[in-house]
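Subject: Structure handover

Hello,

Here is the structure I said I would pass on. My notes on it follow below.

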Amino acid sequence: MDIQTLYQKTILFAAERHGEQKIPCSNIPYIVHVSNVCMEIIFAATHTNGFDLPLAMQVALLHDILEDTPTTENELETQFGVAVTEGVKALTKNENLPKAEQMPDSLRRIREQPKEIRAVKLADRITNLQPPPDYWTQEKIRQYHLDSILIYNTLKDENTFLAERLLNESRMYKKYFIAK
Ligand code: NI
């Protein structure tokens, strides 16, 4: 299957599963978030040696599908194979853990994955560093910034191009809160 056809197959599957979901606090369909992550990945691929773009692209488009939709691991494996499924699983929070442990736990699992999966995590956070919703407290915004720096510090050696972009976006995000 050529990569454009694979993109179509994957984004249609993701769009169907995310259905009516919206980006939080907006009227924008959730699939826009997922395709923005994929856009970051496609640009990063041209700056990364030996990058498996089909793998990274599929994982980018499917990265929230286990966390946010009833799609099962088996179904994902049947449709997209083991490597994609393992990547998406690593990017899925373990909601049985206390909230404060969910990010470090996920980052630990992501670090055991190929560089393409680690790149998707960087791309996801770059895409999410948008103006925070009105109802977020200063504390939550500050924590979101700290989490972004944690992602940067943990994964910065995996993909220099995306790491630089994340660092820049994190710096710009500082305008949304008052530093302590
Ligand atoms: Ni996401």
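Predicted model: local features only at pLDDT ≥ 70, side-chain atom pairs only at ≥ 80, totals over all residues.

H8 covers residues 115–128. It is mostly covered, with 12 of its 14 residues buried. The buried residues run through Glu116, Ile117, Arg118, Ala119, Val120, Lys121, Leu122, Ala123, Asp124, Arg125, Ile126 and Thr127. Their packing partners are H2, helix H3 (53–62), helix H6 (82–90), H7, H9 and H10. I looked at three of these pairings in detail.

H8 with H10

Helix H10 takes in residues 160–173, and its axis comes within 9 Å of that of H8, with a crossing of roughly 25°. Angles under 35 degrees count as roughly parallel, and H8 and H10 are therefore roughly parallel to each other. Their crossing is left-handed. On the H8 side the contact is made by Ala119, Leu122, Arg125 and Ile126, and on the H10 side by Leu162, Ala163, Arg165, Leu166 and Glu169. Sorted by class, this contact has 6 nonpolar, no polar and 3 charged residues.

H8 with H3

The axes of H3 and H8 are 9 Å apart, and the two helices pack at an angle of about 40°. H3 and H8 are therefore oblique to each other. The crossing of this pair is right-handed. From H3, Leu55, Ala56, Val59 and Ala60 meet Glu116, Ile117 and Val120 of H8. The class count for the contact of H3 with H8 is 6 nonpolar, no polar and 1 charged.

H8 with H7

For H7 and H8, the axes come within 8 Å and cross at roughly 140°. That makes H7 oblique to H8, since the cut-off for roughly antiparallel is over 145 degrees. The crossing of H7 and H8 is left-handed. Met103, Leu107, Ile110 and Arg111 of H7 make the contact with Ile117, Arg118, Lys121 and Arg125 of H8. By class, the contact of H7 with H8 divides into 4 nonpolar, no polar and 4 charged residues.

Some H8 residues turn up in two of these lists. Ile117 is in the contact with H3 and also in the contact with H7. Arg125 is in the contact with H10 and also in the contact with H7.

Thr127 is buried, with a relative accessible area of 11%.

Helix H9

H9 (residues 138–155) has 18 residues, and the distance from its first C-alpha to its last is 26 Å, close to the 26 Å expected at 1.5 Å a residue. Its buried residues are Ile141, Arg142, Tyr144, His145, Asp147, Ser148, Ile151, Tyr152, Thr154 and Leu155. These pack against helix H7 (99–111), H8 and H10. For reading that list, note that an α-helix has 3.6 residues a turn, so residues three or four places apart point the same way.

Single residues

- Val88 is in helix H6. At 0% relative accessibility, Val88 counts as buried. Not counting residues up to four places away in sequence, Val88 touches Val59, Leu62, His63, Ile65, Leu66 and Leu76. Val88 and Pro132 are 44 residues apart in sequence, and their C-alpha atoms are 25 Å apart in space.
- Asp68 lies in helix H4 (residues 65–68). Asp68 is partly exposed, with a relative accessible area of 31%. The C-alpha atoms of Asp68 and His18 are separated by 7.5 Å, although these residues are 50 apart along the chain. Beyond its neighbours within four places in sequence, Asp68 is in contact with His18, Gln21 and Tyr30.
- Cys25 sits in the loop between helix H1 (3–18) and helix H2 (30–45). Phi of Cys25 is near 60°, which is a positive value in a residue other than glycine.

Regards

How values were computed: Residues numbered from 1 in each chain as written. Heavy atoms only, no water. Axes fitted to C-alpha atoms, helices over the stretch in contact; angles between N-to-C directions. Helix = DSSP H or I, 4+ residues; strand = E, 2+ residues; numbered from the N terminus. Parallel < 35°, antiparallel > 145°, perpendicular 65-115°, else oblique. Left-handed = near helix turned anticlockwise from the far one by under 90°. Contact = heavy atoms within 4.5 Å. Nonpolar A, V, L, I, M, F, W, Y, C, P; charged D, E, K, R; others polar. Expected span 1.5 Å × (residues − 1). Buried < 20%, exposed > 50% of the residue type's maximum accessible area, 1.4 Å probe, protein only.
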